[in-house]
Amino acid sequence: MPSLITSSAKAGKETLASVVYDQLRQDILTVAVPAGSKLNIRELCERFSVGLSPVREALSRLSMEKLVSQVDHRGFTVAPLSEADLDDLTRARCAIDGMALRQSMEAGEAAWEEQLLLSYHRLSRTPRFGAEGSPTRSPIWEEAHRNFHRALVAGCGSRWLETVSGQLFEAAERYRHLARRGGATRVNDDEHRPIMEAALAHEVDHAVDLLSRHYERTADLVKLVLRDPGATKTVVPK
């Protein structure tokens, strides 16, 4: 009987840690908690109405994902954002996702093609924003966007490429949301359709090039906000 109580208590702590982790992670990815912000453990305990253990566990998991930095004897802070890190991240995404997309097209599985087409259809039919006139992005669109990028590489046949691609996507989300919150917009931002069409046509080099340019344009948009956070930015696709 004591072992059951211990297991139950452990499961409860893990559940609470997951709740804190999920919400805090979302706040960091959407830049609701800005880069460089200090994360006070006591304040987080009060916010989530939990003890120290779940908060520490959540922060530890976020540290492993490089979303939170821990400095000895100074506590936790949200990982910084910078042009240098963005450039490094963009190069990594172009390399990894380009390789995975290339392998997906070369494999040419019908199931992959169907899933890619379906994911684009859902993305294109989903409103980007919540209520009409609202500046808040729809969480349904955000999920459809994530699924589209996941579908692009899902036929590569490599679990590791898919895993790393997903990690890079999540890291890039902070930068994309920074640009969004900074008021940066594109004149015509449906860059997903030509990527999808080139991929389904098995135009390998063209599809990979379009995907790389998609990432690079997003990075250019983010840099405008990093350099001048207060200005309105509109970028015309090249």
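Guide: Start with a definition. Axes are lines fitted to C-alpha atoms, for helices over the stretch in contact, and angles run from 0 to 180 degrees between N-to-C directions.

Visitor: OK. How do α4 and α6 pack?

Guide: Their axes are 7 Å apart, at an angle of about 60 degrees. Therefore α4 and α6 are oblique to each other.

Visitor: Which residues meet there?

Guide: From α4, Arg93, Asp97, Ala100, Leu101 and Ser104. From α6, they meet His149, Leu152 and Val153. Contact means heavy atoms within 4.5 Å. By class, this contact of α4 with α6 has four nonpolar, two polar and two charged residues. Ala, Val, Leu, Ile, Met, Phe, Trp, Tyr, Cys and Pro count as nonpolar, Asp, Glu, Lys and Arg as charged, and the others, Gly among them, as polar.

Visitor: Where does this model come from?

Guide: This is a predicted model: local features need pLDDT of at least 70, side-chain atom pairs count only at pLDDT 80 or more, and totals for chains, interfaces and linings use all residues. Residues are numbered from 1 along each chain as its sequence is written, and side-chain values use heavy atoms, with hydrogens and water left out.

Visitor: How many helices and strands are there?

Guide: Nine helices and five strands. These are DSSP runs, numbered from the N terminus: helices are H or I with at least four residues, strands are E with at least two. Along the sequence the pattern reads α-β-α-α-β-β-α-α-α-α-β-α-α-β.

Visitor: Back to α4. How does it cross α9?

Guide: The axes of α4 (residues 83-107) and α9 (residues 204-227) come within 9 Å and cross at roughly 160 degrees. That makes α4 roughly antiparallel to α9. By class, their contact has twelve nonpolar, three polar and nine charged residues.

Visitor: What about the inside? How much of the chain is buried?

Guide: Of the 238 residues, 42% count as buried. Buried means under 20% relative accessible area, exposed over 50%, and partly exposed in between (1.4 Å probe, protein chains only).

Visitor: Which residues touch the most others in the largest nonpolar core?

Guide: Leu101, Met105, Leu116, Phe148, Leu152 and Ala199 touch the most other members of this 39-residue core. The largest share, nine residues, comes from α9. A nonpolar core is a set of buried Ala, Val, Leu, Ile, Met, Phe, Trp, Tyr and Cys residues joined through side-chain atoms within 4.5 Å.

Visitor: What does Leu116 touch?

Guide: Phe148, Ala151, Leu152, Met196, Ala199 and Leu200, not counting residues up to four places away in sequence.

Visitor: And Leu118, where is that?

Guide: In helix α5. Leu118 counts as partly exposed because its relative accessibility is 33%.

Visitor: New topic. What is the phi of Ser49?

Guide: Near 55 degrees, a positive value in a residue other than glycine. Most residues other than glycine have a negative phi. Ser49 lies in the loop between α2 (41-48) and α3 (52-64). Its relative accessibility is 66%, so Ser49 counts as exposed.

Visitor: Where does His202 sit, and what is its phi?

Guide: His202 is in the loop between α8 and α9. Its phi is positive, about 60 degrees, although His202 is not a glycine. At 30% relative accessibility, it counts as partly exposed.

Note on methods
Angles under 35 degrees count as roughly parallel, over 145 as roughly antiparallel, 65 to 115 as roughly perpendicular and the rest as oblique.
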